[in-house]
Amino acid sequence: MVAANTAKTLSVTLRVWRQASPAAPGRFVDYPAANVSTNMSFLELIDVINDRLTVQGEEPIAFAHDCREGICGTCSCTINGKAHGPGHGIATCQTYLRSFKDGDIIVVEPFRARAFPLVKDLVVDRAAFDQIIQAGGFVSVRTGAAPDANAIPVPKAAADLAMDAAACIGCGACVAACKNASAMLFVAAKVSQLGLLPQGQPERDQRVLAMVAKMDALGFGSCTNQYECSAACPKAISHDFIARLNRDYLQASVRAAFQPVSASTGGGAG
Amino acid sequence: MAKLDSKVPSGPLADKWRKHKAEIKLVNPANKRKYEVIVVGAGLAGASAAATLAELGYRVKNFVFHDSPRRAHSIAAQGGINAAKNYQNDGDSVYRLFYDTLKGGDYRSREANVHRLAEVSVNIIDQCVAQGVPFAREYGGLLANRSFGGAQVSRTFYARGQTGQQLLLGAYSALSRMVGAGAIELHANSEMLDLVIVDGQAKGVIVRDLITGELSRHAADAVILATGGYGNVFNLSTYARGSNVTAIWRAYKRGACMANPCYTQIHPTCIPVSGDYQSKLTLMSESLRNDGRIWVPKRKEDRLKPPGAIAEADRDYYLERIYPSFGNLCPRDVASRAAKRVCDEGRGVGETGLGVYLDFADAIKRLGEAGVRERYANLFDIYHEITAESAYQVPMRIYPAVHYTMGGLWVDYNLMSNVPGLFVLGEANFSDHGANRLGASALMQGLADGYFVIPYTIGDYLAGQAPGSRPSTDAPEFQAAEDHIRGQTTRLLGIKGREPVSHFHKRLGKIMWEHCGMARTQAGLEEALRLIPALREEFWANVNVPGSAATLNQALEQAGRVGDFLEFGELLCLDALKREESCGGHFRDEYQFPDGECRRDDARYGHVAAWEYQGAGQAPLRNIEPLNYEFVKMSVRNYK
Amino acid sequence: MAVTGVVLIGFIVGHLVGNLQIFQEPDHINGYGAFLHGLGPLLWVARIGVLVAVGVHLWAATSLTLDNQRARGADYGCKHTIQATAASRTMRATGYIVLAFLVYHLAHFTLGAAQSATFKENLPRYTMQGDYRIAGFLVIKAGTAEVPDVYNMVIRGFQHPVVSACYIFAVGLLSFHLLHGIDSLFQTLGCRSARWSAALRKVALIFCVGYFLANLAIPGAVLLGKLQVRPPMCVAVPR
């Protein structure tokens, strides 16, 4: 009912991790917020607190955000120990204060992982994800070199499953939620998306080996199959893709070990 | 006075692009690596351009203010992407897509540009599919299509409700491939703050590293801006919070002309504002209007009553009443303005009074709740998440919001601005959409510009530049630009006034929305032109930007952007004031047909208005590029 | 982890099946013991194989844990678990306890370092009363004397309630360890999906409960007096 949704307010305290720089010591600081609308989004509450801090001459809380509709993957808080907060299948920016109770102390921390070094307050550097994609998360097709789109039929089931995997927004919640700070779900999503499609087949083995090697080199942890990642994922991407990644990786490793390789990889005569 | 030569090639419409490609100059493969190109932005246009230019052999530097190129707001586009593939065998063709886009743009775009867009649309789909974009498919494994507003054929390709995301990730993967290959130097967290002009040509940028605060100079043989639209001048919009006008505005202040800034598109079905803390408006797909009925109470007194308590006889289904033939499916702008009118009359619903009901009760009666769920479950979920209301039980509340801007920097057929060496792609330029953009066309244009236009046309410019002739970053022009930015930063940090940046952004947004939003009047615009400079003055006297310039400082970033919006907003209003007609997204109350449709004035305004900066405190110059329609007759847009 | 896990699961299942022969005549378990001892070098190959699997399992777990702790870096102030199972979250603890028990278990029944009074080498020898066959093949003939009396060793060992309690506790933890281990190894080896993950969890649960109950049966039966020490049969059986 509309009535239940109007003019309802609550008071909460944000206990926010403040850290001026990677080298500086960090600590929790409490920011009470009284009588705020339950319809306010969680990030809007930080906006409001930041405006207050600014006027008081204090430094506002640095936090990552952009689209505020759950698709860009920029927002990245851990709220009460849960990446992206209490909701299921949503990002921090889609969290509304009505998910909390009056009087709650809400602990807000940055995503924590060695591969995501802290920048400031709640902001971390997730460039490691870009580096993993750069290592192989693509199909090598030059612009203009593509055949007609319908020349490559894709079974609907494969296309749908690839889309499930492709929904990843690269936010890093999987890493933040994993007790091992593993990036397996992120890597699995991309490897599966491209591995499910015919377009991804020529580079399939190379892709999975390169992306996993890069992931390991960047200092992410290993998967111990607890599936906290998929539970925290704002796009609810299934950890089934991790099994698929493992399978692909094993097969690719075996093939890489035994497949004969041409001695000449160069082009034609000059 | 800027020279505005559109450089549209001569000859029959369908041959222009082919002919142009055959005639423009090329850079030989061995020389390409001697040229450096700066690409600012990594949305659909920027990422596709950077990737493609790097594939060709150019050395590319890509700057993005986000922490990753994958975050650009292209990612939020839901609906789809048009292409004249005619896979449905329903009579589509390049000409039809061209015609629909031109007509949708209310005859305010260049024929040649739009035709080229329609031509390359088919290549885009091929390219994206080859990259592994998981478009929706039919059971036979071939691509599926859906129909979209403003077209009578099914030509829209889509990937669930996340087409923009999937296309962007495709372009991002191409970009990443070239970054991995060492062909692109990627600078994330890097905001372009100035364009450097050397000898009248764009030869570099000044960039602030948003993490360290460091300013750096970058020289290049050409600069490409693909920095998106300026809808956040309204503060509340469907844009991402970070979307801004800064890159193109600073290029404008270095001499690039700003074309048609008053062409802004309003989307009728967004979730209304719930309070003054609000930061963002969320779009609900327009498809909801297929089954929902829009109404407000007939009497003001009823507006806060629960909707169920308002009797059928006391409801005003105003779209069905005013536009009996199209009803709830009338065009976006008409529906938006009608909603504004009933709310202005005090009949708007919800706490703020800025909302109308979109009621699914009849649809549920007709299709059953399961039927409605099957069609719209995803949207109803989003609505529930944001408002905590179930649209199965109570009507949705919707209100129009800004969600795309058709104006932007002026570019010629080669996508080069009037400043040689400065190219502008995607939403940041003004081309292709005229005064109004059709659904599923934004993605098409961004990718067309980046994948299939700029890779050819930039060669024509670079071939005229001696390899290795780009200036050194020690040149005085770089020094001056850097000093200018440093000075501005110091000034912003030194004001230490009483109000946060957001305060000014909100007030600017209110002025813009009220006086230059869905319906504009001469008096309103004149009022806005009085209010904005005053607000700007107050901003520079009373804003409080805490912290330092030597670290991540989001308030400082925001202050720079809002400072630019405070200047740009004035130009937008001025452009709206001077365009004494209604067309597409620009609606002047004074110029309308009795049925509320736009009354264009082709004789006086069948042109592009390209504004030229004349210095601080000086009135900008309004240059004109006439739109010569050789192939299509400008007619009254009619969807009835 | 998964590969050594499979080896170790194979081992413990085999071990359990062997041990359950205690519910048959002493000929069975004693014949089985004699058979294993008679394998000579082969027994050592198997023993070393299992020890290597244990070693690798341990090494993998340790290095994984260290890597994973490093990967987290600074830890959260507030922790929350959404769906990780209790078994998965206690793998390290259950693993260590089971390891400690394993050392004791070897000391007890294999090396005789613990409770040496009841160790098979210190008990009177047993003489086979009948043929012992495995899958129909005769492996130990009736009348074979000087067979270690595993039967009595086990029963006398478990008659000590503390020993039995430790054993039951350890096997309980091992079963719990397996609950995550079995589910997890299918995921790691890439043959798990939503389609049958629920079934897999059930199968793993049934397996673990079954494994626990079967193991519980031996000390349980001893403590309840269902299995009693029998006088050693030293007399040759007439042919």
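Reader: Which residue of β18(B) is the bridge partner of Met258(B)?

Author: In this predicted model, Met258(B) has Trp611(B) as its bridge partner in β18(B).

Reader: What makes β10 and β18 of chain B a pair in the antiparallel sense?

Author: Strand β10 (residues 258-259) and strand β18 (residues 607-612) of chain B are joined in the antiparallel sense over two bridges. Pairing requires at least two bridges, so the two strands of chain B count as paired.

Reader: Why are β16 and β19 of chain B said to stand at the edges?

Author: The sheet is open, with four strands in the order β16-β10-β18-β19 (chain B) and antiparallel pairing. β16 (408-409) and β19 (621-626) of chain B each have a single partner strand, so one side of each lacks a neighbour in the sheet. Helix α15 (residues 554-578) of chain B lies across β10, β18 and β19 of that chain, at about 145° to β18(B).

Reader: How do you know that Glu69(A) and Lys280(B) meet in a salt bridge?

Author: Their side chains come to 2.6 Å, N to O. The cut-off is 4 Å between a side-chain nitrogen of Lys or Arg and a carboxyl oxygen of Asp or Glu, so this pair qualifies. The count between chain A and chain B is four salt bridges, and 40 residue pairs are in polar contact across that interface, both residues at pLDDT 80 or more.

Reader: Which elements of chain A each supply at least two residues of the side that touches chain B?

Author: They are α1 (42-55), β6 (118-120), α2 (127-136), α3 (156-166) and α5 (184-196) of chain A. α3(A) gives the most, with seven residues. By class, this side of chain A divides into 42 nonpolar, 18 polar and 17 charged residues.

Reader: How much area is buried between chain C and chain A?

Author: The buried area is about 2700 Å², with 48% given by carbon and sulfur atoms. Arg72(C), Tyr76(C) and Gln187(C) supply 24% of what chain C buries against chain A, more than any other three residues.

Reader: How many salt bridges does the rule find across the interface of chain C and chain A, and how many residue pairs in polar contact?

Author: The rule finds zero salt bridges there, but 25 residue pairs in polar contact, both at pLDDT 80 or more. The side of chain C that touches chain A draws at least two residues from each of α3 (41-72), α4 (86-89), α7 (161-188) and α8 (194-223) of chain C. That side has nine nonpolar, 13 polar and eight charged residues.

Conventions
Residues are numbered from 1 along each chain as its sequence is written. Chains are lettered from A and ligands numbered from 1 in the order in which they are written. This is a predicted model: local features need pLDDT of at least 70, side-chain atom pairs count only at pLDDT 80 or more; totals for chains, interfaces and linings use all residues. Side-chain values use heavy atoms; hydrogens and water are left out. Contact means heavy atoms within 4.5 Å. Axes are lines fitted to C-alpha atoms, for helices over the stretch in contact, and angles run from 0 to 180 degrees between N-to-C directions. Buried area is the accessible area (1.4 Å probe) that two parts lose on being put together, summed over both. A polar contact is a pair of N or O atoms within 3.5 Å; within protein, one must be able to donate a hydrogen and the other to accept it, and residues adjacent in sequence count only if both atoms are side-chain atoms. Ala, Val, Leu, Ile, Met, Phe, Trp, Tyr, Cys and Pro count as nonpolar, Asp, Glu, Lys and Arg as charged, and the others, Gly among them, as polar.
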